[in-house]
Amino acid sequence: MSYKNNIMSVAIAILLASTTLSAAKAGDAEDIKRLAGAEVSLSAAVTLAEEKQNGKAVEAELDEEKGVVVYDVKVVKDNTFYDVQVDARNGDILKVEEDKN
C-alpha cells in the first residue's frame, strides 16, 4: 500500500473513532437527562425485576419509552431470558415478556 493510502486509512479511522465518541457522549447526556426524572435507583429496579420473575438480572439499562423513563432489565430464570420494564418514577413493573433474541 502506498504512503498516500496509509494516510487516508488512518484519517478514516480517526474520523470513525471521533464519530463514535460523539455518539457515546450524546447517549451519556440523554441518560443524565433521564436520571433527573428517576426516583428509583438502578439497583432498586434490578431488585424489583428479579423479585417479579424470581430470577437473576444479567443486564440493565436506563431508557425512555413513550415519554416515560424506564429501566429495561434482562432477567434469566430456568434458562429463559425475560425483558422486565420498570418505571423509573415509581418502581411499577410495566411489562414482562420473554426475550426472543
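Here is a friendly conversation about the fold, the packing and the salt bridges of this predicted model.

Biologist: Before we start, what pLDDT do local features need here?

Modeller: Residues are numbered from 1 along each chain as its sequence is written, and side-chain values use heavy atoms, with hydrogens and water left out. This is a predicted model in which side-chain atom pairs count only at pLDDT 80 or more and totals for chains, interfaces and linings use all residues, while local features need pLDDT of at least 70.

Biologist: Thanks! Which pattern does the chain follow along the sequence?

Modeller: Helices (H or I, at least four residues) and strands (E, at least two) are DSSP runs, numbered from the N terminus. The chain has two helices and four strands. Read in sequence order, the pattern is α-α-β-β-β-β.

Biologist: In what order do the strands stand in the sheet?

Modeller: Two strands pair if DSSP finds at least two bridges between them. S2 (residues 68-77) and S3 (residues 80-87) run antiparallel and are joined by eight bridges, and five bridges join S3 to the antiparallel S4 (residues 93-98). The sheet is open, has four strands with antiparallel pairing, and its order is S1-S2-S3-S4.

Biologist: Why is one side of S1 and of S4 left without a neighbour in the sheet?

Modeller: Strand S1 (56-65) and S4 stand at the edges, so one side of each has no neighbour in the sheet; the reason is that each has a single partner strand.

Biologist: Which residue in the turn between S2 and S3 has a positive phi?

Modeller: These two strands form a hairpin with two residues between them. The turn residue with a positive phi, about 50 degrees, is Asp78.

Biologist: And which residue takes a positive phi in the hairpin of S3 and S4?

Modeller: In this hairpin, five residues lie between the strands. Val86 has Ile93 of S4 as its bridge partner. The residue with a positive phi, near 85 degrees, is Gly91.

Biologist: Where does Gln53 lie, and is this residue buried or exposed?

Modeller: Gln53 lies in helix H2. Contact means heavy atoms within 4.5 Å, and, not counting residues up to four places away in sequence, Gln53 touches Val75, Lys77, Tyr82, Val84 and Val96. Buried means under 20% relative accessible area, exposed over 50%, and partly exposed in between (1.4 Å probe, protein chains only). At 14% relative accessibility, Gln53 is therefore buried.

Biologist: How far apart are the C-alpha atoms of Leu48 and Asp92?

Modeller: Leu48 is found in helix H2 and is partly exposed, with a relative accessible area of 29%. Leaving out residues up to four places away in sequence, Leu48 touches Val86, Gly91 and Ile93. Leu48 and Asp92 are 44 residues apart along the chain, and their C-alpha atoms are separated by 8.6 Å.

Biologist: How many salt bridges are there?

Modeller: A salt bridge is a side-chain nitrogen of Lys or Arg within 4 Å of a carboxyl oxygen of Asp or Glu. One of them joins Lys95 and Glu65, with the closest N and O atoms 3.5 Å apart. Lys95 lies in strand S4 and Glu65 in strand S1, so this pair ties together parts 30 residues apart in sequence. By this rule the count is three.

Biologist: Which residue forms a salt bridge with Lys74?

Modeller: The closest N and O atoms of this pair are 2.9 Å apart. The pair links distant parts of the chain, 25 residues apart, with Lys74 in strand S2 and its partner in the segment after S4.

Biologist: Finally, is Asp87 buried or exposed?

Modeller: Asp87 stands opposite Val70 and forms a salt bridge with Arg89, the closest N and O atoms being 2.8 Å apart. Arg89 counts as partly exposed at 46% relative accessibility. Asp87, at 3%, counts as buried.
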